[in-house]
Amino acid sequence: MKITHFGARARTLALGMAVAIAACASSLSMAPQAVAAPQSTSDVTASYRPPANMPRPGAMPAGSYMAKIQERGRLIVGVSQDVFSVGYLNPLTNELEGFDIDIAKQVAKAIFGDEKRIQWVSVTSAARIPLLKEGKVDMVVSTFTINAARKQEINFSEIYYMSGQKILVGRDSTAVSLDDLSGQRVCAPRGSTSAKNIVALNPKAKLVETATYSDCLVLFQLRKADAVSTDDVILAGLAAQDPFSKVVGKTFSPEPYGIGVAKENVDFTRFVNGVLVDIKANGTWKRIYDRWLGQMGPQDPPRGTYVD
Amino acid sequence: MISTIKNLRRTTPGKLQFSLGLIVLLAVAFAISGFSSVLASRDAVDKIARKAVPSIVTAQTIRVKLLELDEAATQEFLAGGSQAGLGSRQKYEAAREALGVELTQAASNISFGKDERQAIEKLMEKVQEYNGMVESARSYNRLGYPVGAAYLRLASTSVRTEMMPLVESVDKLNVTQLDSEYESYKSASGLRIGMIGITGLALIVVLFITQRFISRNMRRTFNLPLLTATAIVVALSAYSVTGLMMQRSEVTQARAQGFVSTYTWLNARGTAYDIKSDQSLYLIAMGNGAVYEDSMKAKVEALTTAVGSPASLKGYLEQDARIRVLDKGGKREQAVGLALGVGSNDAVASFSGLDSDFSARLQQASGEFYTSIAQADGKTWLLDWVFALAALAVAALAYLGLNPRIREYRA
């Protein structure tokens with residue numbers, strides 16, 4: 001309860017400016033709304049503004065998408081199960097663990113007051129959007145980069161982590177950038193922005209596509225790929241599993257992560273943003289970051305931007 | 001030679017001498033055709049029963065063992081380091097050893113040339129790679145690294161996309177060979193029966209004509225030795241023709257029933273393991289295993305088309321449905337527990353029951369096949385030597401019957 005109270009105050013602060021200017025709190029209420037795209041903005045990470053007043057756990061507004069989830073008794077979340085430290089199935093505990101997993105648990109906690117009321121669905125990069133569109137998952141928290149093309153098909157929450165694309169190579173490799181990998185086999189998951197970036201930034205590199213991030217590491221270890229290129233946070237997880245690899249170079253493509261929600265569930269998108277505002281403000285985000293990704297250096301939570 | 005024969009036919013003793021010679025000649029031809037037909041026939045049955053069919057059984061057993069191996073590997077992976085994985089590990093070790101034996105046997109028994117040899121060698125190589133990937137999956141899994149699941153997925157995929165086509169190519173070669181052996185046995189068997197019939201009939205006709213000649217010209221109703229020789233030829237011809245025809249019928253039955261049934265149950269047993277692997281892979285995929293669910297549905301459909309719906313299969317599918325309901329209802333932990341036999345052993349027992357049932361049916365079908373083959377073999381038991389002895393007996397009896405008459409005329 002204490003956390004919720006603090007979260008509410010923090011959210012109020014974060015939204016203070018917007019609320020004052022908008023003066024249209026009713027439009028931000030949690031009542032179900034017609035499908036509408038966010039107003040045009042040059043900021044691709046801008047998402048629907050969070051509600052001024054978040055409903056209490058277990059008391060979701062009637063008719064809202066959250067009420068449906070509450071009625072069902074569990075939140076269905078698409079996650080990766082093979083990205084070490086981010087979203088992975090720990091065979092020692094047989095539990096999903098990682099940064100994304102803990103972020104998703106915060107949404108369940110906000111709906112039910114119980115972070116365990118989640119049904120996990122393992123998703124590949126290519127399956128994320130179809131699963132959302134088919135209504136098979138309520139949301140996807142899976143190193144999901146916000147971009148304009150995807151926003152045509154689904155909603156994204158505000159940014160909850162700012163990642164960037166890098167490369168992973170063998171420990172004795174001299175390559176430090178994608179430019180050094182011309183003619184070499186570079187692996188990335190099928191359907192990911194990383195794969196598109198490789199082709200766009202170095203057409204001479206030979207793209208090798210797989211279903212999952214771990215599959216790339218397998219190909220790398222079996223010497224069927226010379227390098228892996230994807231988001232730094234994912235590469236850090238892969239490198240942690242293979243001491244003969246290293247992550248090198250500078251970030252060459254910003255990858256803002258958002259939580260994917262179906263296009264029609266605007267009220268739920270706003271609710272998720274409300275949860276993110278809360279956890280960024282009350283220190284939960286920092287605690288989760290430090291636990292799972294702290295080895296990458298200190299980082300502050302990214303700020304969300306909104307449209308009405 | 002021709003003039004000698006013409007001279008012989010001018011006098012009665014000459015005619016008798018000519019008949020004796022002809023009877024001996026035909027008896028030898030009868031013996032040769034019978035002896036060689038029985039030998040060739042026995043050899044053809046032997047080829048089918050002890051070469052072509054065992055090769056097919058070996059290929060199918062390799063398929064079963066591969067799928068058994070993969071089922072144990074996926075089940076062990078699902079159990080992680082828990083005690084529930086111990087049984088699967090033991091099963092994996094046993095299946096790996098059995099697969100090694102089968103592959104070695106197949107490699108040392110290449111019946112159909114280069115294609116079969118290459119496929120077996122490639123398969124042995126792939127199995128080595130597979131074992132390596134499973135061990136990597138296992139090690140990473142025990143370290144808590146998710147890359148282990150990727151190794152397992154890759155290993156399982158290699159079973160289905162790389163190894164199965166190799167097994168199928170060997171199986172296809174063997175089945176083609178069996179069909180060709182069987183067809184050539186069938187057509188040659190007709191020819192052999194015809195040869196025995198023709199030589200036997202020719203001998204009977206000559207014996208009959210000689211008998212009639214003696215009756216008319218020497219005022220004897222019957223020449224007993226010739227009559228005995230005729231009876232021997234008639235009996236042996238009838239017995240051997242009937243025996244070879246019955247042998248063909250037994251082989252046809254063995255092919256159409258025993259073998260087809262053995263093949264079906266071998267296939268069914270492999271498919272059962274494949275279905276179980278799909279269940280484990282479905283659970284490992286955590287809600288994103290639609291591909292394994294669809295794959296399992298297709299296999300169950302193929303299985304029920306082939307063998308119907310035995311109670312053991314129904315029992316297993318009921319347990320599988322329970323596991324899926326739990327998983328889809330957000331109770332993955334319970335679903336995995338049930339699949340591994342934690343708390344309740346029902347799901348594990350239901351699969352063991354299915355495997356035992358299919359194994360028993362396989363044993364029965366295989367038993368029926370080899371019983372039919374043994375019966376087919378029995379139809380020509382010692383017949384080759386009987387032909388040789390019969391030829392000697394016919395020649396001796398002809399001599400005994402005709403020589404006193406020839407001497408009577410000369411005296």
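The questions and answers below go through this predicted model.

Biologist: Which strands stand at the edges of the open sheet of chain A?
Modeller: The sheet has 5 strands in the order S6-S2-S7-S15-S8, with mixed pairing. An edge strand has a single partner strand, so one side is left without a neighbour in the sheet. The strands in that position are S6 and S8 of chain A.

Biologist: What is the bridge partner of A:Met139 in S15(A)?
Modeller: Strand S7 (residues 139-140) of chain A runs antiparallel to strand S15 (residues 260-262) of chain A, and 2 bridges join them. In S15(A), the residue that partners A:Met139 is A:Val261.

Biologist: Which helix packs on the sheet and touches S7, S8 and S15 of chain A?
Modeller: Helix H3 (residues 99-112) of chain A packs on the sheet, but its contacts are with S2, S6 and S7 of chain A. The helix that touches S7, S8 and S15 makes about 155° with the direction of S15(A). That is helix H9 (residues 266-281) of chain A.

Biologist: Are H5(B) and H6(B) roughly parallel or roughly antiparallel to each other?
Modeller: Helix H5 (residues 147-218) and helix H6 (residues 224-284) of chain B pack with their axes 10 Å apart, at an angle of about 170°. Angles over 145 degrees count as roughly antiparallel. The two helices H5(B) and H6(B) are therefore roughly antiparallel.

Biologist: How many charged residues does the side of chain A that touches chain B have?
Modeller: The contact takes 23 residues from chain A and 20 residues from chain B. On the side of chain A, 11 are nonpolar and 9 are polar. The number of charged residues there is 3.

How values were computed: Residues are numbered from 1 along each chain as its sequence is written. Chains are lettered from A and ligands numbered from 1 in the order in which they are written. This is a predicted model: local features need pLDDT of at least 70, side-chain atom pairs count only at pLDDT 80 or more; totals for chains, interfaces and linings use all residues. Axes are lines fitted to C-alpha atoms, for helices over the stretch in contact, and angles run from 0 to 180 degrees between N-to-C directions. Helices (H or I, at least four residues) and strands (E, at least two) are DSSP runs, numbered from the N terminus. Angles under 35 degrees count as roughly parallel, over 145 as roughly antiparallel, 65 to 115 as roughly perpendicular and the rest as oblique. Two residues are in contact if their C-beta atoms, placed from the backbone, lie within 7 Å. Ala, Val, Leu, Ile, Met, Phe, Trp, Tyr, Cys and Pro count as nonpolar, Asp, Glu, Lys and Arg as charged, and the others, Gly among them, as polar. Two strands pair if DSSP finds at least two bridges between them.
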